[in-house]
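Take a look at the structure below.

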Amino acid sequence: MSGARDGAGEERRRAFVRHLDAGLDRAYALATVILGDRADAEEVTHDAVCTAWRGIDGLRDPDRVEAWFTRILVNACRDRFRRRRVRPIAMDLPPGLPAADATPDLATVDALRQAVAALSPDHRAVVVLRFWADLPVDEIAARTGERAGTVKSRLHYAVVQLRAAWRPDDPDGRTRR
Amino acid sequence: MTDDRFDKDLRDALDRLMAERAPADLRIRVGRVLAQPAIDPRPARWRGVRLAGGLALAGTLALGVLAVVMWPRPSGVATPSGSAGMPSPIASSSPASSWPAELGMPVVTVPSASVRQTTVQDLMAERAGSAPAGPFAYLVGSGDTSIRVVDIGGGSVRTSASPTHADERVIAVLHDDRWLVIETATPLDACQPPVATRAGWRILAASLGSDGMPGAFDVVDSGVASWPFLLPGSFGMDCAHPVPPPLALNAGIVAYAIDETGGAGPATTVVIRPLDLPPGSCCQTLTASRQVVQLALSPTAVAWVESANGLKPDDVPDWRVVEGTLADGATAAVPVGETAGKAHEELPFIVLDGTAVLASLDQYEASSGTVVRVDGGRIETVDPGHANRSCGAVWGGGGVAVLVCSGILPDPGSSPMDQQWLATWSAEAGLRAVAAGSRLVSPMASWVAADWLVWDGVGKMPDGTDGTSYSALSLRALAAAMP
């Protein structure tokens, strides 16, 4: 029995390592979007890996390793956000000032990118998981630890905010308030 | 403007955001973690690295290629909340008979009635409630024309005109029993690396009525911040951003740190200003030797964390804690038991209990965070650190500290998860987790205002739909419950 348990543990560990081989970039990118800070994202991703590694026995289904680790990562981002009260505040550019890559073709996308950055961290997370990872609501709920109804309402709120910032015909592509 | 085009533009924007690649250093560190047995919780950087004997993939991960992608400047505080708050996804609870051993501390229980709670819609509309009972949560969003006032005790949601301008970002929202204070910042020019952008800032205050509603706002102070505070790898490295004044509020007095006159130096002037002074009247000032990055205030003292400006990746981290007494303005460094350096590079977070400084140290390392209480040069250990958790102090009063802890706890019906819980400490009772009735108090995102700990989470609306819950626990009641 002990051998079977050890075998299962090895399978979980291998599943996690396999996942990270391709998934570390994605985890880091998701943390960066949620936190808006590369340094914080690096630390959080590292901490989440540590948390997952020491809690690897909590991974009951190796086929769900991505959802399991994403939930740990999202929780770690929330924890980091709570702790960052002394961090300096970075701000986006004011309306009307040129951005480094504000070419006409990219302006609308750039405005949306800034609008995503202006959402709350929880809203950023559900937007990325829905519109970038193409996950259905229940899968997003599994990764954020929220109920499906909450995910829906957060998506609704986020899309309202993003649509308000979306100016496809605005040559400056800037968010107007 | 079709839905398809919106979807495409949004997906394009997200593609660019998600194009980030894990830095090589992160890959190396992760590789080292995976080379360790899975049972050692300490981060790899704090222990000897044993690359042999682990999983062979560690080396593979270390070979990842670093791809630096230019990134948009984020809005750091864009949440329409009274703090860095976000909804709590997990309202964890445990039966009183089986508190998780993973807490690593005994439990003190307050009556369930000590916690007030109300749930509001995510897209918040005004609604009536009982007579104002408080405490109140003030939700101020950048660009919003209204402040939403949530009465956690009475259940109402009311609105009041926001004093912020359309181009201002809300940096901080603080309140006590009598005052609501809002800090805003406005970028003034574009990024011209390596020259810092400038940001205009304003501190606005309104007195609060007995019903919790703010009156007319006055501008307490305003200015321009020109000096950034750089952190390794942060967005500021490719285009520095100025730091709006750190701000603290206690009992009708605000403290904030501003750049030297004329912008000749970073924020080294600490201003202490009673809010009931007539506009234009001034204040007490203290001088810091290095840039002030966080402030704490009590009725008798001000304390701050200061650090050299412009920390670069290879610099030796440099910070210290300083305290000044309001009566005579005398300042002195506070010995917190650790010296800034590579081993202690994270800035401490401080709160004050009278003249005693509660310093949370090494908070970004999950297993090495400690909390100390320093009073008159005497250092007491509040939290010695624990392999399974880390705690940070968020409030102090009357010799009692309140902390928010995080660690991995069993989650019934799911895998063990990172969760947070409230803890409290006194010299007599030691460190204890806090339960209300039979449940641990688990604030995912929380803030302290007017001696209440307030946190938000997920709750049910009367019609069964999900909403955002606001909960509050009187810290005075909590202190009274300590054995």
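B:Cys391 and B:Cys405 are linked by a disulfide, with 2.1 Å from S to S. The model is a predicted one. Where do the two cysteines lie? B:Cys391 sits in strand E22 (residues 389-397) of chain B. B:Cys405 sits in strand E23 (residues 400-409) of chain B. The pair therefore ties together parts that are 14 residues apart in sequence. The torsion about this S-S bond is about 105°, so the disulfide is right-handed.

The cut-off for buried is under 20% relative accessible area.

Over all chains, the count comes to 2 disulfides. Another disulfide is formed by B:Cys282 and B:Cys283. Their sulfur atoms are 2.0 Å apart. B:Cys283 has a relative accessible area of 24%, so it is partly exposed.

Now turn to cysteines of chain A. A:Cys50 is buried, because its relative accessibility is 5%. A:Cys77 is buried too, with a relative accessible area of 1%.

Next, go back to chain B and its strands. Strand E6 (residues 169-175) of chain B is mostly covered. Of its 7 residues, 6 are buried. Which strand does E6(B) join? It is strand E7 (residues 179-187) of chain B, and 6 bridges hold the link. E6(B) and E7(B) run antiparallel. They form a hairpin, with 3 residues between them. Look at B:Leu174 for one of the pairings: its bridge partner in E7(B) is B:Val181.

In soluble globular proteins, nonpolar side chains tend to be buried together. How many residues does the largest nonpolar core have here? The count is 62. The residues with the most contacts inside this core are A:Phe16, A:Val49, A:Trp68, A:Phe69, A:Leu162 and B:Leu10. Helix H1 (residues 2-35) of chain A gives the most to this core, with 12 residues.

B:Leu10 deserves a look of its own. Leaving out residues up to four places away in sequence, B:Leu10 touches A:Leu112, A:Val116, A:Val127, A:Phe131 and A:Leu162.

Definitions and conventions:
Residues are numbered from 1 along each chain as its sequence is written. Chains are lettered from A and ligands numbered from 1 in the order in which they are written. This is a predicted model: local features need pLDDT of at least 70, side-chain atom pairs count only at pLDDT 80 or more; totals for chains, interfaces and linings use all residues. Side-chain values use heavy atoms; hydrogens and water are left out. A nonpolar core is a set of buried Ala, Val, Leu, Ile, Met, Phe, Trp, Tyr and Cys residues joined through side-chain atoms within 4.5 Å. Buried means under 20% relative accessible area, exposed over 50%, partly exposed in between (1.4 Å probe, protein chains only). Helices (H or I, at least four residues) and strands (E, at least two) are DSSP runs, numbered from the N terminus. Contact means heavy atoms within 4.5 Å. A disulfide is a pair of cysteine sulfur atoms within 2.5 Å. Two strands pair if DSSP finds at least two bridges between them.
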